[in-house]
Amino acid sequence: MTAAANHHGRRTTTRTRRLERAGIRDVAAAAGVSITTVSDALNGKGRLPDETRTKVREVAERLGYRPSAAARTLRTGRSGLIGLTVTTYGQEPFTFTEFAYFAEMARAATSAALNRGYALVVLPASSRHDVWSNVALDGTVVIDPSDHDPMVADLYRQGLPVVSDGKPGNCPVTAWVDNDHHAAVLGILEHLAQAGARRIGLLTGTSTDTYTRLSTEAYLGWCRSVGQEPLYEAYPAHDPCAGAVAADRLLARPDRPDAVYGLFDPNGTDLLAAARRYHLRVPDDLLLVCCSESDVYATTEPPITTLSLKPRRIGTTVVNLLIDAIEGIAPADETAADQNGSGQLMPTELIVRRSSQRRPPRTTVAAPRPPGEA
């Protein structure tokens, strides 16, 4: 063998070794612990000192160790896959990600799943192909299930853990996470009333998901309590054209509102455009608030006040609740519980901008008169 050939052989052998994946035995040897300790440290199990868990994870990261999916399936009976779907916004699996809330929530959920060693699979609520039976899921997150949602009920009957983003109404789920929509809407209405609004309108949806239903009920209840006739328009929220039409209808009414809250992401721009068509100045003639996670509303003219539902926090929480249920870990804190499983309410945030702050009337100050002038 020539020197060149020998050098080539050594290079090939070195490259082959580099391509080999580190195994759990390699991690155990490098960390000076047993294979069982490595498994417990990486899976969050057992009663190990925090120092040991940290050391094992650092060694695994340094060696590039990744648990074998096939080995985990054989050992635990789990695939390492969890589903994510929304039943409200059409049948295509990625339609809902066009909305800022769902895009933010899905990103956070994906990161949370990866941090726990799972992969997130986005699936349609229904399909001509039976994709649900073809994907081996350990559990599923369902966003905004409607009352008596047949898909949620079917998954639950199969014994699959289901956690919902949105209080599930009459759907049986393992756990749920939601915002206090009633309190959020009342806070917005009070904010608008304090800014001088006397006839507050609502843009809402026709769907039966919890967010739409509870928000609308809160508005109607407030109208009854203050003696205002309800001023609202409802439309199918997954149809962007329908939102613009509904905004136009609301501002074309003879009893036109002087303030509007829109439940959905595009409502802010829809209402701004409708206000311009009717020569209404925002905020002088019309106060506006919409629920959105989009940064675009900080740069509109005028900037629009938005309600944030904190989707990143919700996405992280629902995934961790789901994986805890899959792995048989009892919830540390149940802030609410009913026949539909344990529930958590997350805070919202009203980001106040100029669209909901009516400017005080101008006062004319007369020029000072010369001394002695009557």
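Does His279 count as buried or exposed, and at what relative accessibility?

**Figure 1. Overview of the predicted chain.** The model comprises 374 residues, of which 44% count as buried. Its secondary structure consists of 13 helices and 13 strands. Among contacts between residues at least 6 apart in sequence, 68% join residues at least 24 apart. The chain exposes about 19,600 Å², and 53% of this area is supplied by carbon and sulfur atoms.

**Figure 2. The nonpolar cores, with Leu192 as one of the residues shown.** The largest nonpolar core has 70 residues, and those with the most contacts inside it are Ile82, Leu192, Tyr261, Val318 and Val319. Around Leu192, residues up to four places away in sequence being left out, the residues touched are Ala197, Ile200, Ala259, Leu287, Val289 and Ser356.

**Figure 3. Strand 3 and the strands paired with it.** Strand 3 spans residues 139–143, and five of its five residues are buried. In a regular strand, side chains alternate between the two faces of the sheet. In strand 3, Gly139, Val141 and Ile143 point one way, whereas Thr140 and Val142 point the other way, and all are buried. Strand 1 (residues 81–86) runs parallel to strand 3 and is joined to it by five bridges; in this pairing Ile82 stands opposite Gly139. Ile82 is also one of the residues with the most contacts inside the largest nonpolar core. Strand 4 (residues 162–165) pairs with strand 3 in the parallel sense over four bridges, with Val142 opposite Ser164. Helix 8 (residues 150–157) belongs with strands 3 and 4 to a β-α-β unit that is right-handed.

**Figure 4. Helix 10 and its crossover between strand 6 and strand 7.** Helix 10 covers residues 210–226, 17 residues in number, and reaches 24 Å from its first C-alpha to its last, close to the 24 Å expected at 1.5 Å a residue. Its buried residues are Thr210, Tyr211, Thr212, Ser215, Thr216, Ala218, Tyr219, Trp222 and Cys223. They pack against helix 9 (181–194) and against several strands, among them strand 5 (175–179), strand 6 (200–205) and strand 7 (231–235). Just after the helix, Gly227 takes a positive phi of about 75°. Strands 6 and 7 run parallel and are joined by five bridges, and Gly201 has Leu231 of strand 7 as its bridge partner. The path from strand 6 through helix 10 to strand 7 forms a right-handed β-α-β crossover. Strand 7 has a covered face made of Leu231, Glu233 and Tyr235, while Tyr232 and Ala234 form its uncovered face.

Gly205 is found in strand 6. With a relative accessible area of 11%, Gly205 is buried, because this value falls under 20%. Its contacts, neighbours within four places in sequence left aside, are Thr212, Ala234, Tyr235 and Phe264. One of these, Thr212, is a buried residue of helix 10. Gly205 and Glu233 lie 28 residues apart in sequence, and their C-alpha atoms are 8.0 Å apart in space.

Figure 5. Most residues other than glycine have a negative phi, and most peptide bonds are trans. His279, in the loop between helix 12 and strand 9, has a positive phi near 60°. His279 counts as exposed because its relative accessibility is 71%, over the 50% cut-off. Lys310 is found in the loop between strand 10 and helix 13 (311–326), and has a positive phi of about 55° although it is not a glycine. At 32% relative accessibility, Lys310 counts as partly exposed.

Conventions. Residues numbered from 1 in each chain as written. Predicted model: local features only at pLDDT ≥ 70, side-chain atom pairs only at ≥ 80, totals over all residues. Heavy atoms only, no water. Helix = DSSP H or I, 4+ residues; strand = E, 2+ residues; numbered from the N terminus. Expected span 1.5 Å × (residues − 1). Buried < 20%, exposed > 50% of the residue type's maximum accessible area, 1.4 Å probe, protein only. Contact = heavy atoms within 4.5 Å. Core = buried A, V, L, I, M, F, W, Y, C linked by side-chain atoms within 4.5 Å. Areas by Shrake-Rupley, 256 points an atom, 1.4 Å probe, with all protein chains shown as cover. Pairing = 2+ DSSP bridges. Right-handed = clockwise from strand over helix to strand, strands pointing away.
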